[in-house]
Structure formats: C-alpha cells, structure tokens
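Dear colleague,

Please find below the structure that I am handing over to you.

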Amino acid sequence: MQLDIGNFNENDFLNFLKDIASAKPYTFKVKLGGEDTFKKYTKTYEYYKKELVVVVQDISIIKFPDLSVMNLERNISPCGIFFGNSKTFIYEDKYKDNALFTNIESFQCFSRNGLTAKIKNEADKELSKRKKAIEALYPLKEEDVERRKVSLRSNIYRKIIRGEEISGQLSFDQKKFKMATSYEMYYSYLSNPKKYIDEFVEEYIKSSPILLKSHLTIIRAQQELEKLLNKEPGIDKSIKAFKILKNELKDVKQVAVITMEDDTKLVPNDIEIYSNKVKVGSLFNNIPIEQIKAITYKNKKYPL
C-alpha cells in the first residue's frame with residue numbers, strides 16, 4: 001500500500017534521536033492506503049567508543065497498555081540505528097515503512113543495503129587502483145592462465161556476441177565482504193571514510209593471496225580471450241545478427257532467414273551461442289550463422 005508521510009518531520013525525528021534525556025516516544029501520523037495511522041517510535045541508547053548510538057524501534061501496534069493482546073515478539077519492529085558523531089541514521093531495508101526515511105535531507109540517511117553497497121563500491125575501486133602492485137606482489141603462472149582460458153572460453157564468446165561487459169577490474173570476494181559487513185563496519189566507515197577504505201583494502205590484500213591470485217588469473221584469461229575471439233571468423237556477423245534479433249526484431253516471435261543458397265526458412269527469433277559456433281533459431285530449428293545471407297521480416301531485409 002502507498003505510504004503518505006503525513007506529519008512525519010525529519011527535524012523532530014532528529015531531535016528525538018539526540019534527546020537521550022527524554023524517554024518520551026516520537027509519535028506522528030501517516031496515511032496508509034488512504035487511512036490515517038498513528039506511528040510511535042521508542043529508542044534505546046548506549047555509547048560506543050564515546051559515540052552516541054541510538055537504536056530505534058516501531059511500537060505502533062503493541063496496543064500498550066492492553067496486556068491481553070500485547071505480543072512483544074510480533075509487535076516490535078526494528079527501524080534502524082543512529083550514530084551521533086556522524087549524524088547518520090541507517091534504516092533496516094525490511095522495515096515496512098522505510099519510505100519515511102528515503103528523502104531526509106537535514107542529516108545523513110542510508111538504507112542498510114544502500115550503505116553496504118556504497119562501501120563495497122568504494123572498496124572495489126580502491127582495490128582496482130592497486131591492481132599493478134598486487135600483480136607484482138602475487139605473480140601469476142602462465143599455466144594457470146591457460147587453464148582458465150579453457151574454462152572461460154564459451155562464456156567470453158557469448159559475452160562478446162551479446163555485447164556484454166567483460167570486466168577487467170578487481171573486486172572483493174562477495175562471501176568475504178559479507179562476512180566483514182556489520183554495524184562496526186558502518187561505524188568505522190562513517191567516522192572516517194577514506195581511512196577506513198584504505199585500511200580495509202590493505203588488510204584484504206594481506207589476508208587474501210589465494211583469492212586475489214585467482215581473480216587476477218581470471219581477469220588475465222578474459223582479456224587474452226577477448227583479443228583472440230574478436231579475431232574469430234564470423235564474429236562480426238554473429239554480433240550483427242544478435243543486435244538485429246534482440247533490438248530491431250525483439251518483439252517478433254519468428255523470422256525468415258535467407259541462406260547462401262537463396263533458400264528461405266522460418267525459425268524462432270532466438271540465437272544459440274556455443275563455444276565456437278552460433279546458430280539462428282532454437283535448439284531444434286536453426287540455421288548456422290555461416291550459412292545465412294540475411295534475416296527478413298515483413299518484407300524488410302537485414303543483410304548480414
């Protein structure tokens with residue numbers, strides 16, 4: 001249902017977060033599905049490394065003091081956490097009314113997933129800046145690169161034909177980054193973003209030689225394959241066919257192909273890409289790309 005923020009006021013909310021001397025809840029009215037609904041937030045605070053940290057909870061549906069229907073487990077919803085020094089509120093993505101926080105301007109406000117993605121993006125960029133230094137620190141073996149080229153060939157061939165990006169950038173291992181993600185990470189980053197990213201990347205480089213060598217090997221293999229496969233006979237023709245079928249004719253279910261022998265055949269509007277060959281049509285009804293002169297639809301001809 002559509003949420004209208006009603007009389008929610010970000011300055012009142014900030015004062016509520018900062019006023020630790022008061023236990024008074026922050027109450028306000030919103031419209032949910034066109035109906036007025038009263039919201040009530042409470043807070044719990046503590047100090048972490050001398051910084052004020054406030055946890056905010058939504059207790060709107062607790063029905064206190066009606067003890068007969070009160071269910072603490074179901075009726076208390078975590079909203080987010082506020083760091084006093086950086087004046088930043090991080091709200092939970094799962095909180096059903098987090099639309100209240102998306103347009104706050106008077107202080108920093110992030111969704112938890114949004115802040116995690118921001119830190120990951122900055123860390124990946126810093127890691128990529130150090131790529132040459134990492135390559136010098138962890139030299140690659142040519143036999144490992146060649147082995148990777150065998151396993152990656154079909155995937156890179158598809159990406160070239162589809163026009164997909166083949167990244168040459170280093171990035172953090174997803175599993176290892178997820179393990180490091182916590183409110184401690186957010187606190188440290190918000191306290192000093194540049195210092196945190198530098199130290200975080202440095203620690204990852206020192207502690208992850210196997211992961212980094214594996215990623216660097218993949219990048220080198222991809223780059224060499226891209227150069228090699230772009231010289232393959234018929235690659236330009238395959239790229240052109242893919243663009244025609246997936247752009248100009250994307251809403252068409254069947255197309256006619258004209259073969260080199262000037263025969264015409266109806267095939268599904270699809271393209272099968274294997275490790276070293278391309279076919280226009282479906283798995284059981286197709287024509288190899290090298291046998292096709294043109295694709296046609298409704299008297300319009302697309303030469304290949």
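This is a predicted model: local features need pLDDT of at least 70, side-chain atom pairs count only at pLDDT 80 or more; totals for chains, interfaces and linings use all residues.

Residues are numbered from 1 along each chain as its sequence is written, and side-chain values use heavy atoms, with hydrogens and water left out.

The chain as a whole

The chain contains 10 helices and 14 strands; these are DSSP runs numbered from the N terminus, helices being H or I with at least four residues and strands E with at least two. The C-alpha trace spans about 85 × 55 × 35 Å along its principal axes. The radius of gyration of the chain is 28 Å, whereas a compact globule of 304 residues would have one near 19 Å. That radius is taken over C-alpha atoms, and the globule rule is 2.2 Å times the number of residues to the power 0.38. Of the 304 residues, 40% count as buried, meaning under 20% relative accessible area with a 1.4 Å probe and protein chains only.

Helix α8

The buried residues of α8 are Y196, I197, F200, V201, Y204 and I205. They cover an arc of only 160° around the axis, which puts them on the same side of α8; the arc is that of the directions from the helix axis to the C-beta atoms. An α-helix has 3.6 residues a turn, so residues three or four places apart point the same way. The cover over the buried residues of α8 includes α3, α4, α6, α7 and α9, contact meaning heavy atoms within 4.5 Å.

The sheet β10-β11-β12

Three strands form an open, antiparallel sheet in the order β10-β11-β12; two strands pair if DSSP finds at least two bridges between them. Because β10 (271-273) and β12 (286-288) stand at the edges with a single partner strand each, one side of each is left without a neighbour in the sheet. The twist averages 25° from one strand to the next. Axes are lines fitted to C-alpha atoms, for helices over the stretch in contact, and angles run from 0 to 180 degrees between N-to-C directions. β10 and β11 (residues 278-281) pair over three bridges, and the bridge partner of I273 in β11 is V278. Helix α5 (residues 142-162) packs on the sheet, touching β10 and β11, and its direction makes about 145° with that of β10. Helix α10 (residues 235-248) also touches β10 and β11, with an angle of about 140° to β10.

Yours sincerely

Methods. Buried means under 20% relative accessible area, exposed over 50%, partly exposed in between (1.4 Å probe, protein chains only).
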